[in-house]
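Hi there,

Here is the structure I promised to pass on.

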Amino acid sequence: AAGLASLIGFPLPAEVGMFLSPSGPVVANNNGAFGVQSVVAADSGLALGALFDVTANGNGAFGIQAINQSPNGVAVGLAGSSENLAEILQLGENVAGIFGLDLPLSIPGGGQMQANGNGAGGFMMQTMGDSAAINAVVGLETLGNGGFGTMLGTYSDGLSIAALARLYTAENIGAGLLFDVYGLNTGAIGLLADVFADVNGDSGITASIDSPNGFAALVSLSTDVLRPLGGSLGEMFLGAPLDIPGDPFGPVVASGNLGNGFTANVTGNDFAAAVLLDTWADGNSNNGFDLTVASANGTSIAAILASDVLLNLVNDMGVLPEPIVFDPLGYVSASGNGANGIVLNQGGNSGAYAILAGIRADDNVLGDGIQASLTSAAGDAYAILVDADADDNGDDGIDLSLSANGYAISALLFSNVDGNFDDGLHLVQNSANADAFALLANTEAWDNGGVGFWYDLTAPNGDAAICATDVEAYFNGGRGARFTLAAGDEAAL
């Protein structure tokens, strides 16, 4: 801290700097109520609460409870481990070094942040600010608590931003992670990176990103995808690879929970988007993924993707001087759940657009592998599924519904829908005032109890067309394929 202050032109006196020198972790274990309870309040201006390297285990109520509030200003909450904070600062130093700058950002690091085995929740931070609220937590462990593992709440009448990275939360009686971001008028942004939420008594991850009068966006990813990008793209365009500090994490995991694996509700007035990369949600008692993305007066976008597919596509297209070298993270997995693998409910007044790529949604007991519904009252609805396998599920492999005032367009490419109890693919697609088009290519449907491919396209004021190429449908209980088209203008198969 003293080095940073000196760097920006405010050297600290020695008697002040001594208070900011390393002094070891904070330990608050085995207390009757709270381990740590922190309240930071400012009527106006900035309210800042920061908790690092705290161990709060075995307390009767919460391990850590922190409240930061500024009713007429900005509120900021920071927390985590110095080990992971040191990695972030080292990354900043590495970036500066590429540009020839010597910034003394490194800190000793090595500390941990824990809230385990508490009687109620493990870690809770709520930050409330009028014009803006910001939460940032990196490096946290919440295991075996009597309530939820982690709760991060960020609330503002203006803009709310929350980021949570490197979280291990498992075997809690309640949910693993409750992640709530609310920005009334401007927007709400949520970022989840490197989260492991396993075997909790409720959902693994529950995220609510809401802006009634603005925009809402959620991004969840494994930072492992940044490692090959930093290495390859740094070498190509900056003349030196950009090293990402820290150990690889692997995929985001939300598995084995008593509830949904990953629940996300993203709702915004002007715009709503959810992007989930490299996530596993297997063996949960309800749905693997349960995702709602809705924009009351704008566009909604949903993407559930495996980064391997994206990186391979970039390499195959040859758009970079050299291919990106990467260690595969594997498919997005939504298998072996008690109900459905993936449920997507999406609405956007001016348009609803979804892409799912690199998916394995197999062996889900009572429901579909992938169930997606897209609606747009005044715009288009597009659904694109690439390399999306849905086999041996208790209902349909893929159940897809599109309803739009404008164009209704779907594509299913390079996928398998085999061995499902009902249909392999069940698609209903309606366009009220434009065209309905569907592309089915390089896909097979074998051994389903119902129809292999069940298509129903309606466009009363436009065209309806299906293009099916390189398609196999064998040994299904019903027909191999059933295509129904109804159009006000032209219908073509």
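Arg 166 counts as buried, because its relative accessible area of 14% is under the 20% cut-off. Asp 194 is buried too, with a relative accessible area of 1%. Before going further, please keep in mind that this is a predicted model.

These two residues belong together: Arg 166 and Asp 194 form a salt bridge, with 2.9 Å between the closest N and O atoms. The pair joins distant parts of the chain, since Arg 166 lies in strand E10 (residues 159-170) and Asp 194 in strand E12 (residues 187-198), 28 residues apart.

How many salt bridges does the structure hold? There are four, and here is more on the others.

Asp 387 and Arg 360 meet through their side chains in a salt bridge, at 3.1 Å from N to O. Asp 387 is buried at a relative accessible area of 19%, and Arg 360 is buried at 17%. Both values fall under 20%, so both residues get that label. A further residue comes in here, as Arg 360, Asp 387 and Asp 389 are linked in a network of salt bridges.

Finally, Arg 227 forms a salt bridge with Asp 224, and their closest N and O atoms are 3.8 Å apart. Arg 227 and Asp 224 are both buried.

Happy to chat whenever you have had a look.

Best wishes

Terms used: Residues numbered from 1 in each chain as written. Predicted model: local features only at pLDDT ≥ 70, side-chain atom pairs only at ≥ 80, totals over all residues. Heavy atoms only, no water. Helix = DSSP H or I, 4+ residues; strand = E, 2+ residues; numbered from the N terminus. Buried < 20%, exposed > 50% of the residue type's maximum accessible area, 1.4 Å probe, protein only.
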